[in-house]
Amino acid sequence: MKRAIVFGATGFVGSELLSELLDNSIYEEVTVVVRKPINSTHPKLKVLIGDFNSIPGLIEKIIVDDIFIALGAIQNSKQSSVEFYQIDHDYPVIAAKKLKENGAKSVFLVTAAGANPNSKIKYVKTKGETERDIIALDFDYTHIFRPTMIVGNRKDKRPFEKIGMMIWKLIYPVFIGKQTDYKEIDGKEIAKAMNNAALNQTQKVKIYNWKEMKFYANSNEAIQLE
């Protein structure tokens, strides 16, 4: 029996992931770190209330085996570059580092397709830097999930994102062959892929693009993709 912790459990992917992990028999306890109470109860669920500034002290004595990070800032005019970077980079790296010091063996991180620390595009560059710095922590197993357009039925309303999804649905069919990494994927599938990946950890660093996420989302036994 193992213990897991989830960051971003109130988001679209994170909330679906939480349900998957609570139903996963390999976990005896699932901890979530959220900014406010969540409307969810379960015998295995442990809720910690905190934010970016309080996270180091909050998880100081938390011991888990697997770390799941599904954080993502919503870029808008009210959010500064500093806040965006804190949520998308600093928060995941600080949390992962502290939990590894406490004994965590594996980390599962959601970033984005094309993540590259050398990119000139802020979003892609930040995701790439987060990947780089998480990998540098040298976990026994590091799993990185790179979705492009995340679709599905969200609880929160994001009108601009809905418009983007409509446009993406029109253009994504042209991305074939090597470009399949840039196809849309449902948030539930990402969550299922992350959960199933936890059942089959063999590679020190594994990247999950669209093809791998689709495979793991539909594999009950999480057989490793050839």
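Helix H3, residues 81-101, comprises 21 residues and spans 29 Å from its first C-alpha to its last, close to the 30 Å expected at 1.5 Å a residue. The model is a predicted one. H3 bends by about 40° at Ile87. After the helix comes Gly103, whose phi is positive, near 115°.

The buried residues of H3 are Phe84, Asp88, His89, Tyr91, Pro92, Val93, Ala95, Ala96, Lys98 and Leu99. These buried residues pack against strand E1 (2-7), strand E2, helix H2 (55-58), strand E4 (66-69) and helix H4. The strands in this list, E1, E2 and E4, belong to the sheet described next.

That sheet is open and consists of 7 strands in the order E3-E2-E1-E4-E5-E6-E9, with parallel pairing. Its edge strands are E3 (45-49) and E9 (205-208), each of which pairs on one side only. From one strand to the next, the twist averages 15°. In general, strands of a sheet pair through backbone hydrogen bonds, either parallel or antiparallel.

Two of the pairings can be followed in detail. Strand E2 (residues 27-34) runs parallel to E3 and is joined to E3 by 5 bridges; Val34 stands opposite Ile49 in E3. Helix H4 (residues 122-135), one of the elements against which the buried residues of H3 pack, also packs on the sheet. There H4 touches strand E5 (106-110), strand E6 (141-145) and E9, and its direction makes about 175° with that of E5.

E5 and E6 provide the second pairing: they run parallel and are joined by 5 bridges. The bridge partner of Ser106 in E6 is Tyr141. E6 is mostly covered, with 4 of its 5 residues buried. Besides H4, which touches E6 and E9, helix H7 (residues 210-217) lies across these two strands and runs at about 90° to E9.

The structure holds 8 aromatic pairs. One of them is formed by Phe68 and Phe108, which are stacked at 4.3 Å centre to centre with 15° between the planes. This pair links distant parts of the chain, since Phe68 lies in strand E4 and Phe108 in strand E5, 40 residues apart. Phe68 counts as buried because its relative accessible area is 0%, under the 20% limit for that class. Phe108 is likewise buried, at 0% relative accessibility. The strand that holds Phe68, E4, is also among the elements against which the buried residues of H3 pack.

Another pair, formed by Phe215 and Tyr216, is edge-to-face, at 5.5 Å centre to centre and 75° between the planes. Phe215 is partly exposed because its relative accessibility is 30%, which falls between the limits of 20% and 50%. Tyr216, in contrast, is buried, with a relative accessible area of 0%.

In summary, the buried residues of H3 pack against strands E1, E2 and E4 and against helices H2 and H4. H4 in turn touches E5, E6 and E9 of the sheet, and H7 lies across E6 and E9.

Key. Residues are numbered from 1 along each chain as its sequence is written. This is a predicted model: local features need pLDDT of at least 70, side-chain atom pairs count only at pLDDT 80 or more; totals for chains, interfaces and linings use all residues. Side-chain values use heavy atoms; hydrogens and water are left out. Two strands pair if DSSP finds at least two bridges between them. Axes are lines fitted to C-alpha atoms, for helices over the stretch in contact, and angles run from 0 to 180 degrees between N-to-C directions. Contact means heavy atoms within 4.5 Å. The expected span of a helix is 1.5 Å times one less than its number of residues. The bend at a residue is the angle between axes fitted to the seven residues ending there and the seven starting there. Buried means under 20% relative accessible area, exposed over 50%, partly exposed in between (1.4 Å probe, protein chains only). Rings of Phe, Tyr and Trp (its six-membered ring) pair if their centres lie within 6.5 Å; planes under 30 degrees apart count as stacked, over 60 as edge-to-face and the rest as tilted.
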